[in-house]
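These are my notebook entries on a structure that I looked through today.

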Amino acid sequence: MAGLAGARLAAFLILLALIVAAPFVVYPVFVMQAMSFALVALGFNLLLGYVGLLSLGHAAFFGLGAYVGAFCAKSLGSGPELAILAGTASGAAVGLVVGFLAIRRQGIYFAMITLALAEMVRFFCLEAPFTHGEDGIQPIPRGRALGALALHHDFAMYWFVAVAFVLGFLLLYRIIHSPFGQVLKAIRESETRAISLGYRVESYKLLAFVLSAGFAGAGGALEALVTRIATLSGVDAAMSAQIVLMVLLGGMGTVFGPVVGALIVVAMQTYLATLGSWVSVIQGGIFIVCVLAFRRGVVGEIAARLRLAL
Amino acid sequence: MMMIFGKPAPLLFGQLLLGIVNGSFYAMLSLGLAVIFGILNIINFAHGALFMVGAFSAYLLLHWFGIGYWPALVLGPLAVGLFGAAIERVLLRPIRGLDPLYGLLLTFGLAEVLEGVFTNRFGSSGVTYSVPRLLRGTRDLGFMYLPNYHAFVVVAAIVVCLATWLVIEKTRLGAVLRAATENPAIVQALGIDVPRLVTLTFAGGVALAALAGVLAAPMYSVNPGMGSSYISIVFAVVVIGGMGSIGGAVFTGFLLGVVEGFTKVFYPPGAATVAFVVMVLVLLLRPAGLFGRSR
C-alpha cells in the first residue's frame, strides 16, 4: 500500500477502520468536513512540515477551489469528480502565481507575502460576479458519482468523500516518500547545502507550493459539495489561521498529524459553535500553548513517547 | 472649479489628504514592526490587534475614569506598552532562539485572543469616540477643506516617527539598541542587560502601535476588527520597504497611503488592492525590497 509499513501501516489500518465505522456513530456531515479539511491540512503539511515554509494564505486556494468547484457543479452541471478536479486546478494555478512571487523572499517575508496576496484573492472573490458576493453560491447540487450514483443522501456522499480522502492521503504519502520528498526535507534542514549539492531549490519549493495549493483547492471543492455552500468565509484570513492551526496542533512533519489536527479543529468549530466569538479566543489560546509547550503536536508527541515514526 | 488631470481639485486633494492620513498610520505601525523585528527577530503579528487595543484604551479611559483625549494620548500607550512588556516576559522570552516562525505563530494566536475578547465585550460593530473639542471643525484652504483633526494626525505621526528615529540614531540608548541588534552576545558581555533591553524595545514598539490606535480612535469606528484590516497592508508596506531601515519603513508607509489616495480618485475599485499590486511589482523588479538588504 504505497510503501506503508510498520507502525504507519498499523495506524493507517486503524484510520481506515475508524472511517468505516464513523458514519454509524457520529454525524456523517461532521466527519465529511473533517476529511475535506484533512486533505487541505495534509497539503499544508507538505509545505510547513517538509520544506519549512509557512504560508499564511492557504485560504485563498481553499476558498477559490470551493468557489470554482461550486460553480462547475451548479452553473455548468458537471459531475462531482470534474468539480473537484476544477477546484484542484484552480487552487494549483493560483498557487503557481502566489508561490512564484513568495519564494523570492525567505522566512518571515515569505509568510507576509502569502498573507498579502491571499487578501488580494479575497478582494477578487468579493468583487467577481460569479461568487455572488455576500450570498455565496448555494445550494450546490452534489450530482452523481461516475454519472450513476446519486450523492444527495449524506450516507452515499460519505463514501464518495472517504474514497477521495484515502486516495489523497496515499498520494501525499507517496509524494513525501519519493526522491522529490527527500529533497524537500534536505531543503528544510539546510537550504545552502541543498543548493551546493546542485538542486534547483527554487523549482522544488515552487512545485511543493503548487502541490500544496492544489490539495487546498481539492479540499475546498470537496467541502463545498459536502456543505452545499461556498462563501466568502472560505477565502478569509481566519480560514488560513485554522489551516495553520490544524497542522501545528496535529504535529507538523508527521504523516498522520494533519488528519488528527483537522479532526480536532473541525470538532471545535462544530461543537463549540454556540460559544460564538469565544471560539476564536480558545483557538488563539491553543496556538499560544502549542508554540510554548507543545511544538511537536498531538501525533508528534505520541510518536515521541512511543518511539514510533507516525 | 479647478480641474487637475480631468478631476475636480477638491476631490483630488481630499483623497490625497486621506491617503496621507492613512499613510501616517501605516508609517507608525510599520515603524513599530521594524523596531521589534530588529532586536527580537520576530514579526509581531499581534501588532494590528494591539493598535486596536490602543484605540479601545482611549475609549475605556474616558468611560471608566473620565479621562479625556489629551491625557489618553500618553496614558493609553503607556498602559498598552506595559501589557506588551508582560507579553514579552511571559510569552516571547521562552521561545527566544527558536525558529522565528514560532514567534509569528504565537503572536498570531495572541491577535486572535485579543480580538475575540474585545468582540465578546463590545460586539463586532464597536463603539464611537468623539474628536477632542480643540480639534473640531475644518479649515478652508481655498482649494480644499482641511479637517483640523486630520491635520493633527499627520503632524503627530511625523513628530512621532522623527522622535523615534532620533532616539534610535542619536541617543546612547539607541546606540546600545543598535549594537544589541548587531550582536547581542557582545553587548551582554559589555555589561548591558540585554534581556531587559529586549523587553523595553518590545514595549516601545507596542506603545507605538497603541499611540497610533489612540490617534485613530476619533477618526474611525473603534471596533475589534480595525487592526486586522490594517495588518495585511502594513505587511505589504514592510515587504516593499524592507525592515532594514527605519526611514525606509516610514517613507514606504506614507508613499503607499498617497498611492492609495490617488487610486481612489482615478480607479476607485482598485484602492483596496493597490498596495498589494505595488508589492507584487516590487517583488518582480527588486526582490529585496526598495531599501532592504535581502534576508
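Is Gly234(A) buried or exposed? I looked it up: at 8% relative accessibility, Gly234(A) counts as buried (buried is under 20% relative accessible area, exposed over 50%, partly exposed in between, with a 1.4 Å probe and protein chains only).

Basis. I note that this is a predicted model, in which local features need pLDDT of at least 70 and side-chain atom pairs count only at pLDDT 80 or more, while totals for chains, interfaces and linings use all residues. Residues are numbered from 1 along each chain as its sequence is written, chains are lettered from A and ligands numbered from 1 in the order in which they are written, and side-chain values use heavy atoms, with hydrogens and water left out.

Entry 1, the glycine. I placed Gly234(A) in the loop between helix H9 (201–227) and helix H10 (237–250) of chain A. Helices here are DSSP runs (H or I, at least four residues), numbered from the N terminus. Leaving aside residues up to four places away in sequence, I found Gly234(A) touching Ala59(A), Phe62(A), Gly63(A) and Met239(A) (contact means heavy atoms within 4.5 Å). I also looked up Glu223(A), which is eleven residues from Gly234(A) in sequence and 9.9 Å away in space, C-alpha to C-alpha.

Entry 2, H3 and H5 of chain A. Two packed helices are described by the angle between their axes and the distance between the axes. For helix H3 (residues 58–74) and helix H5 (residues 107–127) of chain A I read an angle of about 25° and axes 9 Å apart. Axes are lines fitted to C-alpha atoms, for helices over the stretch in contact, and angles run from 0 to 180 degrees between N-to-C directions. H3(A) and H5(A) are therefore roughly parallel (under 35 degrees; over 145 is roughly antiparallel, 65 to 115 roughly perpendicular, the rest oblique). On the H3(A) side I listed Ala60(A), Leu64(A) and Tyr67(A), which meet Ala118(A), Val121(A) and Cys125(A) of H5(A). By class, this contact of H3(A) with H5(A) has six nonpolar, no polar and no charged residues (Ala, Val, Leu, Ile, Met, Phe, Trp, Tyr, Cys and Pro count as nonpolar, Asp, Glu, Lys and Arg as charged, and the others, Gly among them, as polar).

The axes of H2(B) and helix H8 (residues 194–216) of chain B come within 7 Å and cross at roughly 50°, so I recorded H2(B) and H8(B) as oblique to each other. Their contact divides into ten nonpolar, five polar and no charged residues.

I counted 34 aromatic pairs over all chains (rings of Phe, Tyr and Trp, its six-membered ring, with centres within 6.5 Å; planes under 30 degrees apart are stacked, over 60 edge-to-face, the rest tilted). Phe12(A) and Phe169(A) have ring centres 5.6 Å apart and planes at 15°, so this pair is stacked. The pair links distant parts of the chain, with Phe12(A) in helix H1 and Phe169(A) in helix H6 of chain A, 157 residues apart. Phe12(A) is buried at 2% relative accessibility, and Phe169(A) is buried at 1%.

Phe235(B) is buried, with a relative accessible area of 0%.
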